[in-house]
Amino acid sequence: MLRFSIQRSTRYFSTSIPRQQQHLTDVAIIGAGPAGLSLAAALKANPTTKSLSVGLIEGSSLDPVKNFSQSPPENFTNRVSSITAQSVDYLEHIGAWKFIDQARIEPFDNIVAYDGLSNSRIEFDNMEMGTMCENINLQSCLLQRIEELNDPTLKIWDSTKVTNIANDTDDAANGWPVIQLSNGDSVKTRLLVGADGFNSPVRKFAAIESRGWAYDRFGVVASLKLKYEDYRSIAWQRFLPTGPVALLPLPEKNATMVWSTTPELSKLLVGLPEDVFIALANCAFVLPQVDLNYYYTLAQNEEYDELLSDIKWRFENYTSKPTIDIEDFPIALESVIPQSRARFPLKLSHADSYVSNRVALVGDAAHTTHPLAGQGLNMGQGDVKSLVESLELAMKRGLDIGNLLALEPYWAQRWPENHVLLGVVDKLHKLYSIDWSPVVAVRSWGLDVVNSLPMLKDFMMKQVSGK
Amino acid sequence: MLKLSKSLVSQIPKVQGTLGKVTFSSSYTRQYSVSADEETKHFNHLAASWWDINGPQRILHKMNLVRMDFIQQNITNSISLNDKSTPQGEEVYVPGYNLNLLPKEISEQILSDQKEKRTKEYEKLQLRCLDIGCGGGILSESLARLPIVKSVNGLDLASEVVEIARKHKDLDPIIKNKITYELKALESVNKDEMYDVVTMFEILEHVDQPGEFLKEGLSHLKKDGLLFLSTINKDFVSWFTTIFMGEYMLGIVPVGTHHLEKYIDYKTLDNLMGQQKRFEVLSAKGGSYFPCYGWYLHSHPEFGNYFMAIKRIE
Amino acid sequence: MSLLKNYPTHIPIKGIDRLIMGAACFFGATLHPENNNYITGIGEITAFEPVLTRIRDSMLSNKVGRQILRERPRITSKTLDLDYLKSLPPDTFGNTYYKWLQREKVSPDTRVPVHYIDDEELAYVFQRYRECHDFHHAISGLPIVLEGEIAVKAFEFANFGLPFAGAGAVISPFKLTQKQRTRLFDVYYPWCFSNGLNCKGLINIYWEQQMEKKIDELRRELGIESPPPDMRTLRKMDGAKKIT
């Protein structure tokens, strides 16, 4: 009796729920950030690799990205990155850059980096060293390129989380990864690419160790409006002992800021009333450290009126000194876009390997860095370029693209390059975190010397812009 | 240790004295200390670890990468840009003189036209391939994955190795149905089975009669078909790299894989081919292996390992 | 190297001229100590920029110090209402100060303006220091005889760290008699150094607003112990000649 009713109910069950699909792809990319989307577009744009079937899986919805091209938001979003000339070249090469919303990007020709303790400075100028671009603008142009390519073998699953990744057999050397999706489907793939950020589940699946350290610092981002448009096209960065504060230009009167500072201060900055935040941010670019420290205390005690009036006096008083030229500083900030302030923890990390049997990592899944040099996103783009080239070569050689022999050239090319860059950025951060005067004196002298050597500056500019 | 040095000493090549001329008409027999059966047994032992890319066959896996580069390059180069079937007006211009004599824009335009035509013709190819001495199928699988390859027939005499090859190809859906492995000698292949591509990589130094063997392989080429081979020169460099360093010192290749007495000089084969009117040597390259890096092809096939590409022109 | 005036009384001198000036003032001070200009000259030239910057930064870090820098109060007989101070109760700071002024027969106007410090804000800091000197006398009760001046200089050096003050405390005792010197080292120096080092930064005190406060309360707030034995009384007991 019991048996009969169970049979009955399972038959009823199976006809009312659609069968779960198993998909088979050559390349499955997890994560549709700039790195993941770039990889998908690049694979389909390359004449050799376009025959690979690609699946792109993203946990959150891509609707904001799709809507961006139709009706972009009035104000600038707060996740903005500096795109090097080399990255722009590659985006042009894969046919995506033509879709970028030109009205929302700002190329800059100059970089001014100055010491918050000694005011020694270094200035670089070169045509279009970098372009400030909102991350969502970049994602949108890549998505439009993918739509233009209109390849039926590229499938995107958005608003779909990955619930599990496992090999389909116990034989690890021969197994293919199978990804379980939150909609019940599964994807079996020849090559699994993790473009899924710092906490990459793909990296964990491949049991690849990632080494590094947290900086005990947070980056505070904000979208700002300047008092008036700065025609000088400069990316500013001031090195305070707590961390650098950078002001990066956007079209017209807009700008974006990244302020790397201690966890307590970052919390304070994000929570301040808007006018107080703006006043303090203005000071951060101009006033000496002793004033800033005093203001932090006032802000912590919520003595806002006192703070604002003191800032007004001190700014006037300080900038009217004969040794101070207001042209050496950024244009004053006027306002911050509401709800645009956010903070995120800063850390350095580098995966031991970017590849494993049938697994590859790109972007933040492989490495994270301090934002002070504007290299994080660009390193990811470099990864994509190298991986596509390695896969193209592997296909010409008839290799299974998930095989380590196909993937190792990618790792061999990118790991040393990235390692050096990560190391340099880390040392810069450490150097400028010290406020012990002999070190400050030496680094300031060093900076002034470098500033006066054009050949060395040219070399550094090439490195920064990636050309 | 003593035993080791004795066998090493016996293998140091005597520079003077050759193997004697090899011609197509005479089939000569060499007396070897190693028989065909022993060779087969040796490879059967390696069957289980054949596909471990970090195992004893790693050097073979790395060599496969340059083999495929060599094959692709020669296939592309041997594509004729204009033939009788090309309609008038669509011919690609191939000047009979150095392109550098023309202005830059024109020469670049000509080159890009040629490249475009070549790519178009390349994509039309559907090659039937014969892989002699396929082993575990490293080359066969790589060939099968190319979109220009229609089918691959792999032959080998070591039964366990062929079994491994069959099992391995079934793991990849793309190539499963494109490859057929047979436990068969080349001589047993049907006389009128003709192929676009015949490959004999690392096999000539394991057979008793290399001249006959090569002739047999060439007889299965269609017109305009290509035969690819790689083998090892019989000289000090080869002994040093492949046997002394490779087998005994660094253990990159299992001991007993190679036997110096069976090596063949590039010059010998080149002379052979020079006497053949129906075939033309398209390319000959030397190959060197650098541990931790891989194989590198260079333009000195006279010592060490070498690769050859031969085209049937009539 | 700009030779423009940064403030009205500014006399810009640079480099080697500064050194020569310093040497001249030094000799002038040793030979003619009664001429105030030499001593003030040395004081300004030895007030090196890092030292003044440190003092100014300590003002910027302090709420009252910042207020002083903002409002830039000056101490003259016009800004201080002496009649009002006279009317205050005897145990207030204001009244004590007034009484001290009378006893020593000095007035707040005797301070020489700053000439040789280039940065305008630092010049004000030094000016303020100079003008507050009398308050330091009043709070510690030390007279303006040489012995008293040395003691106040020591007190100021311990608190401010100005090299001139320190130099004064070290070099000048040679002019005293043996008895005075012993008294200085045994009685007054310990008081000066321990209080100077431990009490609050005197530059950050808005003296003008402390006039109504009881002097003991003020001393307690500042962290100054009760003043040392009255120097003039002790000197009278010695029968020593007055040295001014």
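Visitor: Which residues does the UniProt annotation "binding site" cover in chain C?
Guide: The record, an unreviewed entry, places this annotation on His133(C), Asp134(C), His137(C) and Glu149(C). UniProt positions are given here in the numbering used for this structure, with feature names shortened, and such annotations may be inferred rather than shown by experiment.

Visitor: What makes them gather at one spot?
Guide: The four positions span 17 residues in sequence, yet no two of their C-alpha atoms are more than 10.3 Å apart, so they gather at one spot.

Visitor: What kind of model is this, and how are residues and chains labelled?
Guide: It is a predicted model, in which local features need pLDDT of at least 70 and side-chain atom pairs count only at pLDDT 80 or more, while totals for chains, interfaces and linings use all residues. Residues are numbered from 1 along each chain as its sequence is written, chains are lettered from A and ligands numbered from 1 in the order in which they are written, and side-chain values use heavy atoms, leaving out hydrogens and water.

Visitor: Why does His137(C) count as buried?
Guide: Buried means under 20% relative accessible area, exposed means over 50%, and partly exposed lies in between (1.4 Å probe, protein chains only). His137(C) has 0% relative accessibility, and therefore counts as buried.

Visitor: Where is His137(C), and what is it in contact with?
Guide: His137(C) sits in helix α7 of chain C, residues 120–140. Helices (H or I, at least four residues) and strands (E, at least two) are DSSP runs, numbered from the N terminus. Contact means heavy atoms within 4.5 Å. Leaving aside neighbours within four places in sequence, His137(C) has contacts that include Trp100(C), Leu142(C), Glu149(C) and Val152(C).

Visitor: Which residues does UniProt list for "binding site" in chain B?
Guide: That unreviewed entry lists Arg67(B), Gly133(B), Asp156(B) and Phe201(B).

Visitor: What makes Arg67(B) buried?
Guide: Its relative accessible area is 5%, so Arg67(B) is buried. Arg67(B) belongs to helix α3, residues 58–77 of chain B. Not counting residues up to four places away in sequence, Arg67(B) touches Leu60(B), Leu139(B), Phe201(B), Glu202(B) and Phe307(B). Phe201(B), among these, is also on the UniProt list.

Visitor: What does chain B consist of overall?
Guide: Chain B has nine helices and eight strands. Of its 314 residues, 50% are buried. Among contacts with a separation of 6 or more, 73% join residues 24 or more positions apart.

Visitor: How do you know that the radius of gyration of chain A agrees with a compact globule?
Guide: The radius is taken over C-alpha atoms, and the globule rule is 2.2 Å times the number of residues to the power 0.38. For 467 residues a compact globule would have a radius near 23 Å; chain A has 25 Å, which agrees. The C-alpha trace of chain A spans about 90 × 55 × 40 Å along its principal axes. Its secondary structure comes to 14 helices and 18 strands, and 55% of its residues count as buried.

Visitor: What makes Glu334(A) partly exposed?
Guide: Its relative accessible area is 42%, so Glu334(A) is partly exposed. Glu334(A) lies in strand β14, residues 333–336 of chain A. Glu334(A) and Tyr228(A) are 106 residues apart in sequence and 8.4 Å apart in space, C-alpha to C-alpha. Not counting residues up to four places away in sequence, Glu334(A) touches Lys225(A), Leu226(A), Lys227(A), Lys253(A) and Ile278(A).

Visitor: Which chains share the most contacts?
Guide: Two pairs of chains are in contact, and chains A and B share the most contacts. No contact joins chain B and chain C, and their closest C-alpha atoms lie 59 Å apart.
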